[in-house]
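Subject: Structure for your review

Dear colleague,

Please find below the structure that I am handing over to you. My notes on what was found in it follow directly after.

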Amino acid sequence: MTTVLVPASTGEMLSSTERLRVAVAAFLARYTGLSRAHTASDLRGFLDWCVDRGVDPLAASWPQLELFVRWMQQTRRLKPSTGSRRTSVVAGFYRTCVIDGVLEHSPAEHLRRPRVPPESPTLGLTHLQFEALLTAARDSSNVNDFALVAMLGLLGLRVFEACGSDVSDLGEEHGHRVLRVVGKGSKVVLVPLLPAVGRAIDLAVDGRPVGPILRTRRGSRMDRHAATRQLRRLAEASGMRMPRLHPHMLRHTFVTTMLDAGVDLRDVQIAARHARHSHHHALRPGPQEPRPAPELLPRRVHGVWDLSAVLPR
């Protein structure tokens, strides 16, 4: 369970420390699992900002919250999506304080949130780049590399979903192999496994009855930081010039590959398990980002490449 966040250095705010502790605990109690951990991390940033400036979070004013937003934008230079998310967490915290009777009014009621552009800033890999990455992963001496790339790029899993998957999550449903995935909001879904992805996972599992699917060389569970390092090593080994990789780029590649192949937007939304329709409008290529027509990629079949040249049989 995540420990409640209250800054240690609260000398002049000592009288309100207990009220703040209870307010934070009540706010975080509304979340579970990873959502709670991520919300706690965002709220910690705001509380630390308050401590550094001698501001009592429960006595903060609207202008002070505006200064916090400007600090995120101009000093920390956070991405608009990150700043907007953290602003939403702060607004949600004060809204909870009003509901619970800790405060009479929320100072964040009219707080302006950073504008998030409708176009997704994340760029996926081109088709040749993704094929080169698959080839490098297949040729790697670490069997977890190929399973990692397959789960992120061919199943479209989020990195925490892939790293959090266990051997016991593998199963069969209606004659198809499936992977039980715990996604955002602790929602559980069954993701069908392509035969090639199933073989890659089998190589990584290596007959183990229990434990994580993806492991480091030391045998411990792979986390998102280890996954990012592995992807960047594979990008260097591929011999192809690639952007600085991070795991979400492969999920973006998964989505844009289906859109390029003419898959219906609603089907893409279901496959990517996006709750909001607007997410996929943001993934459509803009006029400055031309996409090759599907017929120009002869080895792609029904939105997924014919990977016989790079996948093990």
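One aromatic cluster is formed by F27, Y31, F46, W49, F68, W71, F93 and Y94. The model is a predicted one, in which local features need pLDDT of at least 70, side-chain atom pairs count only at pLDDT 80 or more, and totals for chains, interfaces and linings use all residues. Residues are numbered from 1 along each chain as its sequence is written, and side-chain values use heavy atoms, with hydrogens and water left out.

Across the whole structure, a search finds eight aromatic pairs. Rings of Phe, Tyr and Trp (its six-membered ring) pair if their centres lie within 6.5 Å; planes under 30 degrees apart count as stacked, over 60 as edge-to-face and the rest as tilted. The ring centres of F27 and Y31 are 5.5 Å apart and the planes stand at 75°, so this pair is edge-to-face. With a relative accessible area of 2%, F27 is buried, whereas Y31 is partly exposed at 32%. Here buried means under 20% relative accessible area, exposed over 50%, and partly exposed in between (1.4 Å probe, protein chains only). The rings of F46 and W49 have their centres 6.4 Å apart and their planes at 15°, so they are stacked. Both F46 and W49 are buried, and both belong to helix α2 (residues 33-52), where they sit three residues apart, about one turn of the helix.

F27 also has a contact (heavy atoms within 4.5 Å) with T96, which touches A26, F27 and R30 when residues up to four places away in sequence are not counted. T96 lies in helix α4 (residues 80-99) and is buried, with a relative accessible area of 6%.

Turning to the protein overall, there are 12 helices and five strands. These are DSSP runs numbered from the N terminus (helices: H or I, at least four residues; strands: E, at least two). Buried residues make up 45% of the 313 residues. Of the contacts with a separation of 6 or more, 63% are between residues 24 or more positions apart.

The largest nonpolar core has 42 residues, and those with the most contacts inside it are L133, V149, M151, L157, L214 and L245. A nonpolar core is a set of buried Ala, Val, Leu, Ile, Met, Phe, Trp, Tyr and Cys residues joined through side-chain atoms within 4.5 Å. The largest share of this core, seven residues, comes from α6. Leaving aside neighbours within four places in sequence, L133 is in contact with residues including L125, V149, L231 and L245. A second, separate core of 27 residues includes A23, F46, A60 and L111.

Finally, the second largest pocket holds about 330 Å³ of space. Among its 13 lining residues, the closest to its centre are L154, V191, P192, F254 and A271. On a 1 Å grid over the protein atoms alone, a pocket is an open set of points where a 1.4 Å probe fits, with protein on both sides within 12 Å along at least five of seven lines; lining residues have an atom within 4 Å of a point. The volume is the space filled by probe spheres set on the points, which are joined across faces, edges and corners. β3 gives the largest share of the lining, four residues. By class, the lining has 12 nonpolar, no polar and one charged residues. Ala, Val, Leu, Ile, Met, Phe, Trp, Tyr, Cys and Pro count as nonpolar, Asp, Glu, Lys and Arg as charged, and the others, Gly among them, as polar.

With kind regards
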